[in-house]
Amino acid sequence: GALLVNERIDREELCGALSPCSLSFEIVVENPLELYSGTVEIQDINDNDPVFPSSQARLEISESVAAGARFPLESAQDPDVGINSLQTYQLSANPNFALDVQTRVDGSKYAELVLEKELDREEQRELNLVLTALDGGSPPRSAHVQIHIDVVDANDNAPVFNQSTYKASVRENTPSGTLVARISAYDLDDGPNGDIIYSFSSHTPAKVRELFALDSATGELRVKGQLDYEETKLYEIYLQAKDKGAVPGVAHCKVLVEVVDVNDNAPDVTVTSVYSPVPEDAAPGTVVALLSVTDLDSHDNGLVNLKHILVQVSDVNDNAPRSSQDSYDVYVPENNMPGIPILNVSATDPDLGRNAHLSYTLLGDTTFGHLFSINRDNGTLYLLTSLDHEDQVEFNMMVQVQDGGFTPLATNVSVSVFVTDLNDNAPTVLYPHPNTTATYTDVVAPGTPAGHMVTKVVAVDADAGYNAWISYTLLQATDPSLFSVGLHNGEIFTARQLREDDAPEHTLVILLKDHGEPVLSTSATISISVAETVKEVLTDLTDVAPANDPRRHVTFYLILAVILVSAAFFITMLSVGIFKCYKWRQSRELYNSSRSTTYRTPGPFNHIDAVRGGFTPPSFYHQVYLTTDSRQSDLLCKKPFTSSPLGSRQGTIRNGEPGLYHQIVGTASRLPTPAE
């Protein structure tokens, strides 16, 4: 009794626009025989797109159409029904039109364009819009049509002249047909509405129309009659431009035509006397020539060019040399080649001959004579030696320019020579000091947290500016993860907290680079010990003392002496006794002298200085004095300082720690010889 679909069902093919769409059938049941009727309703799905009759629509709308005008558009069709049928329209964004969607009695939709802003063909000749039809499916289906709108011209623009007033000049007696002026107007409209006709204005005098002709198409104003300067010197002509619209637009302009006088009268010149030569310092009012000139013409025609009168003017040295500049700034890179020209002092003298001959000298020659020289004839300044920016940055001198007159005149020009820096100096390490064999050791306590400053690398660069900027980089480290260095200040910090399994000794190699071109660099080596106090460091150092124990050699010599020369026993014992007495006396002298001063190591003491320029934590500032026989002598340590890295007032304590002969910061003076 199952009812199955036998083939694909197309609701639009079965029922078209009819809704609801249903199919009726009958079923026969046997035993007992019964007849049943049934109906299947075919429900619509959104399986059809809206369709426009054509892909493009074209409209022609006049620019004179008022806002609010409506223009029906072709409707789209969607064979689906209900919510899946065509539901609305959308219009692409534009400044002129809006879309009004209307509903017919049968529920179908149609759209109309509504003009919201009036069109202007001169602004935009055509518009392209996109109309979109959407059904109500989910997701909705759509169709598009291109709407092309041509804006039809209306005579809404009057002609406009390029300028309101034109000016022209024409000589009297000019032949007929000579072009006087060309006027020009434009009209933004198209077709007949934009075609222009030129003509005289209605109030133009008849006399002007007799003397001038106007081309109605080109706007060319030409001479028509005989112009006479003596009769009229200036004509004021009014012209107009009209378009060919039904209601033509009109524009007006004015042309001013000046009639130029023709030179038809010869001048009359009379020369009485000429005085030549004349010295240039002659007093004003000195008579040079007597002459008279007359011309009956007007304006330029009455101006007379004489027969040339030559007057010789004798020169007087009344002008000092003039330099193109009062001062010169010259920039010379250091390490220059000797003998190169660096400047040409330019000067002129408006006088003539000897009075204009210039010579150049360098004032104060005793100051910079060994560095600079100047060519006496052409003012070229030469650099005689190689300059060093680090030695001197600026040289100021005075150049005197003098003419060759009998009473010479001179001008002084200041010259400043600036030595520009080159990157010729590598960074110099001040701390730790690079010119010593000592190894500087800094101490940091176990468990020190991250960010703790341990020490600092101090360096300078003799160059200037960007060449002297120093950057610090950790080049090599025993444990690269434990310490970091400040890029610009050289401060060495703990990058993480110190752990118990960290190595007790660390060596850091810091790379110092400047920012010059080419880059110059140097390096500094820092040693860091992990210890609670200086005492722990000293205790650790005792482990290696037996390796340098001089008595090992003494024992060897004694055994060798007993085995080889028994007879020498007496001599050996005598030598040992003398040596012990000498050492005892020396120890007494050193002990007495060490109690009298806390800052100097007298005699053969080995001096180990742990005071480190203010970069080691204050609790580790000590000074240690050890004798050559460290296993038997006392250890003298200075207490922590109070105000300065060197500690002007430090107490002295005595601490007997046998077996301490090792380097703390720096190195011991020397090791004892086997004989000692």
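Guide: A nonpolar core is a set of buried Ala, Val, Leu, Ile, Met, Phe, Trp, Tyr and Cys residues joined through side-chain atoms within 4.5 Å. Buried means under 20% relative accessible area, exposed means over 50%, and partly exposed lies in between (1.4 Å probe, protein chains only). This is a predicted model, where local features need pLDDT of at least 70, side-chain atom pairs count only at pLDDT 80 or more, and totals for chains, interfaces and linings use all residues. Residues are numbered from 1 along each chain as its sequence is written, and side-chain values use heavy atoms, with hydrogens and water left out.

Visitor: Which residues have the most contacts inside the largest nonpolar core?

Guide: They are Phe161, Ile183, Phe212, Tyr235, Ile237, Val255 and Val257, in a core of 28 residues. Among the elements that each supply at least two residues are strand E11 (165-171), helix H2 (206-211) and strand E17 (234-243). Strand E18 (250-260) also belongs to that list, and E18 gives the most, with 5 residues. Helices (H or I, at least four residues) and strands (E, at least two) are DSSP runs, numbered from the N terminus. In soluble globular proteins, nonpolar side chains tend to be buried together.

Visitor: What makes E12 and E16 a pair of strands?

Guide: Two strands pair if DSSP finds at least two bridges between them. Strand E12 (residues 179-182) and strand E16 (residues 220-223) are joined by 3 bridges and run antiparallel, so they meet the definition. Ala181 stands opposite Leu221 in E16. Leu221 is also the bridge partner of Leu214. Strand E15 (residues 212-214) pairs with E16 over 3 bridges, again in the antiparallel sense. E15 and E16 form a hairpin with 5 residues between them, and Gly219 in the turn has a positive phi of about 80°.

Visitor: In which sense does E24 pair with E31, parallel or antiparallel?

Guide: Strand E24 (residues 327-333) and strand E31 (residues 410-420) pair in the parallel sense over 7 bridges, with Ser327 opposite Ser414. Strand E30 (residues 394-403) runs antiparallel to E31 and is joined to it by 9 bridges. Val399 has Val413 as its bridge partner in E31.

Visitor: Why is the link between Cys15 and Cys21 called a disulfide?

Guide: A disulfide is a pair of cysteine sulfur atoms within 2.5 Å. The S to S distance of Cys15 and Cys21 is 1.7 Å, so the pair qualifies. A search of the whole structure finds 1 disulfide. The torsion about its S-S bond is about 60°, so the disulfide is right-handed. Cys15 and Cys21 are both buried.

Visitor: Why is Cys253 called buried, and why is Cys581 called exposed?

Guide: Cys253 has a relative accessible area of 4%, so it falls under the 20% limit. Cys581 has 53% relative accessibility, so it is over the 50% limit.

Visitor: Why does Val313 count as exposed?

Guide: Val313 has 53% relative accessibility, so it is over the 50% limit. Val313 is found in strand E22 (residues 313-314).
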